[in-house]
Amino acid sequence: MANYYNDNSELKFHLNHPLMEKIVRLKEREYSFKKEFDFAPMDYEDAIDNYDRVLEVVGEICGNIVAENAESIDAEGPQVVDGHVIYARGTQENIDALNQAGLMGMSLPYKYDGLNFPIVPYIMAADIVSRADAGFVNIWGLQDCAETINEFASEEQKEKYLPRVSNGDTMAMDLTEPDAGSDLQAVQLKATWDEKKHTWLLNGVKRFITNGDGDISLVLARSEPGTKDGRGLSMFIYDKQDGGVTVRRIEHKMGIIGSPTCELVFKNAPGELVGSRKMGLIKYVMALMNGARLGIAAQSVGVSEAAYREALAYAKERMQFGKAIIRFPAVYEMLSLMKAKLDASRTLLYETARFVDMYKTYMHIAEERSLEKEEREEMKKYQRLADIFTPLVKGMSSEYSNQLAYDAVQIHGGSGFMKDYPVERIYRDARITSIYEGTTQLQVVAAIRGVTTGSYLAQIREYEAERVSPKLEYLKRSLIILTDDYERAVKKVMAADDTEFVDFHARRLVEMAGHIIMGYLLVLDSNRDESFLKSAQNYLNFAKGQVKAHAEFIRSSELADLGNYKFEI
Amino acid sequence: MKAYNIIVLAKQVPDTRNVGKDAMKADGTINRAVLPAIFNPEDLNALEQALRIKDKFPGSTVKILTMGPGRAADIIREGLFRGADGGILLTDRAFAGSDTLATSYALGQALKKMGNIDIIIAGRQAIDGDTAQVGPQVAEKLGMLQITYVEEVIELKDKKITVKRRLENGVETVRCPLPLVMTVNGTAPDCRARNAKRLMQYKHAKTVTELQKENEDYTHMYNDRPDLNIPEWTVNDIETDPSQLGLTGSPTKVKTVENVVLHAKDSKVISALDEEIETMMIELIESHTIG
């Protein structure tokens, strides 16, 4: 009778953040939907109560069904029969239970049969599902591809596809090809207009496609023959009911085994153009990726939660030298740091989700009426923040989930290396989070703009200006000192006026900003709820060491040193 | 295709599955204050069977009948969240202290008033009393056919139902004409989860008594949306013979309740050899400890 929502008070804490009042009011258009939809909330309390109750259902299904199925799904995996994917038995059971409970299309508007939830509670559901089974959250979480249809497709397409997502159709985003991985500009899958059939036809191969046999797919394809870069690519919807795509094989993976990673063959598969031609990569994939990156951050936090809980339970139970191993400093320090990293990545996750909610909701409102001047400014502010926080949270939380999974196995000792305990699976599942939807190295490439434009610093100053209770002041003072270190390091790197030098130090600079931001968020969380104080203190002690080490590395680094690091090929 | 009118009998019970040391009061009665009130588990299995029939035969209705204090309206709401069409709360001081006979009588009279029923489904037994008597007694009171210990509905065709029964020593497949009463085992499939939209929609469903305590801002809603009103029936809403109700109508009298604490008297060490384990098994079966 486990409930993965009720047993985790941190989730309720983040759900009740002060900014939620505004997010919900905008999302519910001043609570005007209730006239049309019986289940729309009447006021803020009613809405929060809805999220709370629905997340309780998510927690119940995850605790009792999804978590229970994780082991057998990992052993069984999906298979290909006649060019199509058959999920593992448990995967299908999970999908059926979540569909029955109406947990697809959570963030889609009411008029498309969605629940009109803000991103925050949707991401919270992903966090919970991932804790239960990180492989399964991939299939369920691909529903956020629907947001791209909602943003850019025609009204006709929205009416055709979105209610299907709300009612349980699964999705996929078909981007990667054998020769186009991180570099999507190289995509070759051909889209040709067929005048007779009056449709676009897709031909070619896609690789590494998560849930590639999903019901509705977004496909990136070259619609402009003769072009070689991103400007010749467009976005298409492929409907599995139309046929034309077969699954050639499923990859054999290290982790997230229940999630079918497919190689797809397109043979005259009909596709519907989304939005404008040539905007596929430049605009739509970017939006799609930002949503997906936030999803991977949620997946990472869920994995961290699972790893921490397994390690904590084991350390309390396992007796060595006459006492539980959690009594030993080497173990309790490891566990406390795991908890601090977990809380840090989770608070950054929900901060980012709120930023996304604010700007996306304004963006949708702007389709209905013109925004007031202040509203427009607010939208721009939050869009800028979402743009720099998304790669930050994806990069940091996925690295942390790997570190937590590593430590969780370590705490289990030899037993952790065996398949007898769930940590072995968690360790394998964690590994992909820092790779797909852009490796950590590519998140740094996106996030470095936040460093060079001063946007992270400006946001750090905002946090600094927030009032906290006097007993938290000393934590803020350490953060101010770390911010000085960060500013000096940025200045030093920028002064060299060399892009390679910036790239060389980018990871360090982004991490410094990340540590300071997460430190501030934990201090602000502690200000609202004292139970975060331990994590705030432990995280700051850890962050100090990290920031100082990076600061020292940068202080003594010169452009001429780069040669030492380069290889002859 | 035919549609069916189904009534699910459900009871709100104290959660006796995770009992702590203060679960019983000194006088041997249940300390309801420390045990959360829940939907009786096997009644949820019963509800699932009803909803499966409704899924298969569109147009069918599933209604819940529950008897209990005002807070038992939770049972109706819980049913609405999971897919039931509505329900009735039978509540009155006159029903207080009912044993299984008086309960069956009251439920039977309410069911007569509801009328036009094809199938009544109840859980096999409630986890507070563990009698498994109410379902069968309701069938007797109404003069209806009954099948107990149902695990699965195999076929429902026109006016005939075929089910699998789970018995102590095996399974049995039986066919029965409608209308009938079925009681469902805990081995039947678990009930589906609450549905998000139904949860958001019906969390506001209230009985008249509850409405009196409701936030005034919301009252207009209950006039606009009749589906949010949970009917509450008292003894005045059904035809009854007062001598068959509540304590008066309950022949069961509890004389005393004893606290039994099990202690280990002696222990035996047995090796892992097959013969020794077999000897132990025979001994345990002979002493009726297992089997």
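This note goes through selected features of the model, point by point.

1. Basis. The model is predicted; local features need pLDDT of at least 70, side-chain atom pairs count only at pLDDT 80 or more, and totals for chains, interfaces and linings use all residues. Residues are numbered from 1 along each chain as its sequence is written, while chains are lettered from A and ligands numbered from 1 in the order in which they are written.

2. Chain contact. Chain A gives 15 residues to the contact and chain B gives twelve. Residues are in contact if their C-beta atoms, placed from the backbone, lie within 7 Å. The side of chain B that touches chain A has five nonpolar, two polar and five charged residues. Ala, Val, Leu, Ile, Met, Phe, Trp, Tyr, Cys and Pro count as nonpolar; Asp, Glu, Lys and Arg count as charged; the others, Gly among them, count as polar.

3. α9 against α10, chain A. Helices (H or I, at least four residues) and strands (E, at least two) are DSSP runs, numbered from the N terminus. α9(A) packs on helix α10 (residues 329–368) of chain A at about 155 degrees, with the axes 10 Å apart. Axes are lines fitted to C-alpha atoms, for helices over the stretch in contact, and angles run from 0 to 180 degrees between N-to-C directions. The two helices are therefore roughly antiparallel. The cut-offs are under 35 degrees for roughly parallel, over 145 for roughly antiparallel, 65 to 115 for roughly perpendicular, and oblique for the rest. The crossing of α9(A) and α10(A) is left-handed (the near helix is turned anticlockwise from the far one by less than a right angle; clockwise would be right-handed). Residues of α9(A) in the contact include Leu294(A), Tyr308(A) and Leu312(A). Those of α10(A) include Leu335(A), Leu342(A) and Leu349(A). By class, this contact has 15 nonpolar, four polar and four charged residues.

4. α9 against α13, chain A. Helix α9 (residues 280–317) also packs with helix α13 (residues 423–430), at about 155 degrees and with axes 10 Å apart. This pair is therefore roughly antiparallel too, and the crossing is left-handed. From α9(A) come Val303(A), Ala306(A), Ala307(A) and Glu310(A); from α13(A) come Val423(A), Ile426(A), Asp429(A) and Ala430(A). Six of these residues are nonpolar, none polar and two charged.

5. α5, chain A. Helix α5 (residues 119–132) spans 20 Å from first to last C-alpha over its 14 residues, close to the expected 20 Å. The expected span is 1.5 Å times one less than the number of residues. Because 14 of the 14 residues are buried, α5(A) is largely enclosed by the rest of the structure. Buried takes 20 or more other C-beta atoms within 10 Å of the residue's own, exposed 12 or fewer, and partly exposed is in between; C-beta atoms are placed from the backbone.

6. Backbone geometry to check. Most residues other than glycine have a negative phi, and most peptide bonds are trans. His198(A) has phi near 55 degrees and sits in the loop between β4 (190–194) and β5 (199–210). His198(A) is exposed, with 8 C-beta neighbours inside 10 Å. Asn211(A) has a positive phi of about 55 degrees, in the loop between β5 and β6 (216–222) of chain A. Asn211(A) is buried, with 24 other C-beta atoms within 10 Å. In chain B, Leu178(B) and Pro179(B) are joined by a cis peptide bond, omega about -5 degrees.

7. Asp99, chain B. Asp99(B) lies in the loop between β5 (86–90) and α3 (100–114). Asp99(B) and Leu247(B) are 148 residues apart in sequence, yet 7.5 Å apart in space, C-alpha to C-alpha.

Terms used: Contact = placed C-beta atoms within 7 Å.
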